[in-house]
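Reader: Please take a close look at one part of this structure and describe the contacts there.

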Amino acid sequence: MPNAPLLELENLSTHYVSAQGTRVVRAVDDVSLRIHAGETLGIVGESGSGKSTLALTIMRVLPPAARIVSGKMMFEGEDLLQKSDEEMQKVRGRRMAMILQDPMASLNPLFTIGNQVGESIRVHEGASRATAWNRARELLKAVRIPSPETRVRQYPHEMSGGMRQRIVGAIGISCEPRLLIADEPTTSLDLTIQAQYLNLLRDLQREHGLALIFITHNLGIVAKMCDQLAVMYAGRVVEQGPVSRIFSAPAHPYTRALLGSIPRMTDNREHLTAIDGQPPDLAALPPGCAFAPRCPMAFARCRAEAPPECAVDEGRTARCWLAVPDADAKVELKRSNVA
Amino acid sequence: MSTTSEVLTLPSQAPRFGFIRGLRLSGFPMIPTAILLGIAFVAVFANQLAPHNPEVGSLVARFKPPFWETGGTTKYLLGTDQLGRDVLSRLIFGARVSMVVGITAVLFAGVVGTTLGIISGYLGGWVDQLIMRLTDTWLALPALTFAIFLAAIVGPSMWNIVIILGITYWTRYARVIRGEVLSLKEREFVRLAIVAGCSKWTIMRRHILPNVINSAVVLGTLMLGVVIITEATLSFLGIGVPPPQPAWGLMLSDGKQSLMVGRWWLTIFPGCAIMLMVLSANILGDWLRVKLDPQLRQL
Amino acid sequence: MKQYIITRIGYCLLSLFLLSLTIFFFVRVTGDPATLLVEPGASPDDIAAIHHQFGLDRPLLVQYGLFMVSVVTGDLGQSFYYRTPVLELYWSRLPYSVMLATAAMAFSLLLGIPSGILAAVRVGRFWDSAGKVFALLGLSLPSFWVGLVLILVFSVYLGWLPSSGAGTPLHLIMPAFALGWYFAASHMRLTRSSMLEVLGSEYVKLARLKGLPQSLVIAKHAFKNALIPVLTLAGINFVIMISVAVVVETVFAWPGVGRLLYEGIAFRDFPVVQGTVLMLGAMTVIVNLVVDVLYAVIDPRIRLAS
């Protein structure tokens, strides 16, 4: 297993600025992550926690109102933030790919499946229409779509939701990328199909040696699919590390609350456990820890000062004052140095 | 760790800024509104402002160019037409016609259209179907053609024109208002009123109506421009406001006769007047549309 | 798709029916139709004859029946002025109107669509603001005034273009511009908003994520999708153009259907007025139907719906 990470994010921040420049939404705030080849990293958080913006930031396909204000993104040793848009175009779809959440909306209704699946191949590898068409057919087979010869000629609205999502998956792997980002790929699928799809993703990952970033709000999927986990809250990563260790002993109160809120069949409790309060307004974050207003274990320091990422044990960090053994002397994993 | 230093804050909008300043900050179109108010002012005080009688001219002073050209005099600032009538005076009185016809027609169309829209949207059923089919048909025929047809039947007079324009354009209101009512119907406060036992008419009057006024007003400002252009078109074709009453469209029609000989002032000035008024109404309407209800952007 | 087409045809027929009803109603309701249907300067005998011919003393329903029968058989009356059947006059003038509308439509699309795309792609910047100004001017200037100003500039002062009649392509330029100007603005606006919507869609996002160059994203994915509503509008606008051209045709003495309508009004030739309005309305409804059907053919979502 190579030691150098495939993708490494350092202190990445992405802000949305309103048209008049009056409102700044800190969608991604000082995020540091890394993923190695062949690994699966899960990113978990509520809606509005910044997971999707993070994914779009990595791919550098942000809407015009968004700005990457600081940080570094090293992919295979190159800083993606230094690249021009033309250079990024060669990376996107070819070395890094992404799957979006809603497969019906992701596919252009006016073009055939074959056209859309083969498109990246034509653009990135200069393949002819015929070659791309054949490759498209093979790709459909690889994502286990029955009768690919007929499907290739059809239009998106003629497919079921599950099939469409596989097609989007096929588009993702069409140019053999090293990294695949999946943004809530199963959220719009029926439960019965979800398991099949996840198995497919896992098999594809193994066959192609893909690194997979799996964005979801579903901890069950994380348990099944991921090696590493990063928990996001209010645009910040509050805890990250190996999945098994986080699940068995969560260090951050938010993670603990998330895990605790999953109802179990064996529970005798009568009430569902929810987390009190509302997610914060990302344009007006409190000065201290973003989770403090809702945290059952918050104390004075939490509200005054935002905690840095601290090492909890090997390979695991948490952004919480509770994880700091001594309030003054800390073993910080990262000192923020805005370049 | 990122701090709050990068966060920009909203400029203070305390009342000490004053009403005008506050309007300015929200992008209120001051100039167009000023123009419209100016035209309204001119229309009201036409008798005082116009230097000459707009309907009677002196044949001796025919076709005088504006005062800055050779042959022009300061007596007739913007020149005279083929009957020796002062262009400026006719423009001023024409403003009255445009204002009166424009506003009245828009109000008429608005009242009828909003009422029918509310009834159609709220009552639903065959009433809705009937009204909608009717609007569909009337919308199928271009407004201008329909207006021309009606004008040809009833003959020219200012009030006929107002009625015709009202009949032609109420359908636009009806459609939009009906759409609004359909979504309003599902809202809580309407359901509450029904449960409380209010009659249909009461609900429509007291609950639905105030909520659609916004859209009606926005639509009204947008329609003002359209109505004025239609009125000008009808007058130009000779079936609008009848002579000798000065209407800008009529002035353009007269001006056309002598266009080929280069008497440009008979064409340019009335046209500019129309353009100013319609442009101002459109800008104001656009701003209102964005301000009052972002959902109306489809209009 | 068959179902869709049949429904559309049904609506079309209903609209035609209501159209004829509307025209019939308005003629009858505003006083004595005889004054309209009879030539200026007719004697009481003539008026009595008209009463008999149109059955004006018979019940309304019968009158409507007679009216519909004559309409359906193509008898729209006879022009007082030209002494020829109205329908014949209409058909003889229609080609000119179509020619004018085609030129104006081409102009409006050639100007409107690219400027709309440009405004959307450069949203918030210079070209977008320029586009907004253009749109505003287009919607605020009456077409006939644009025509008059054009004549002033190009015929009177520059002497480049002829100011009236038809005959050479030169005659077509100014009327087409005057007529198309408003629609260019309207098309530009719609193209811009449609394009903006498409550019914000998920499939365009995915296209970018695939690493497709921006030019391909716009030209292939955005363009075709954005154009659908615009072309639909253009199709409907074509017939509207023919109807609205009445003023432009009058200004330029262009021998089309619009000018025919104007003549009908000017000469108090009511059969011409009624017949032309009826035909214009019918054309609008039928063309709307054709556009709806074409839509079904282009958009695979409707075409393949079983």
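Author: Two residues are in contact if their C-beta atoms, placed from the backbone, lie within 7 Å. Helices are DSSP runs of H or I with at least four residues, and strands are runs of E with at least two, numbered from the N terminus. This is a predicted model, in which local features need pLDDT of at least 70 and side-chain atom pairs count only at pLDDT 80 or more, while totals for chains, interfaces and linings use all residues. Residues are numbered from 1 along each chain as its sequence is written, and chains are lettered from A and ligands numbered from 1 in the order in which they are written.

The axes of α4 (residues 113-125) and α7 (residues 161-173) of chain A come within 7 Å and cross at roughly 25 degrees; axes are lines fitted to C-alpha atoms, for helices over the stretch in contact, with angles from 0 to 180 degrees between N-to-C directions. α4(A) is therefore roughly parallel to α7(A), as angles under 35 degrees count as such, over 145 as roughly antiparallel, 65 to 115 as roughly perpendicular and the rest as oblique.

From α4(A), the residues A:Ile113, A:Gln116, A:Val117 and A:Ser120 meet A:Ile167, A:Ala170 and A:Ile171 of α7(A). By class, this contact has five nonpolar, two polar and no charged residues. Ala, Val, Leu, Ile, Met, Phe, Trp, Tyr, Cys and Pro count as nonpolar, Asp, Glu, Lys and Arg as charged, and the others, Gly among them, as polar.

Chain A also touches chain C, through 25 residues of chain A and 18 residues of chain C. On the chain C side, α9(C) gives the most, with six residues. That side divides into eight nonpolar, four polar and six charged residues.
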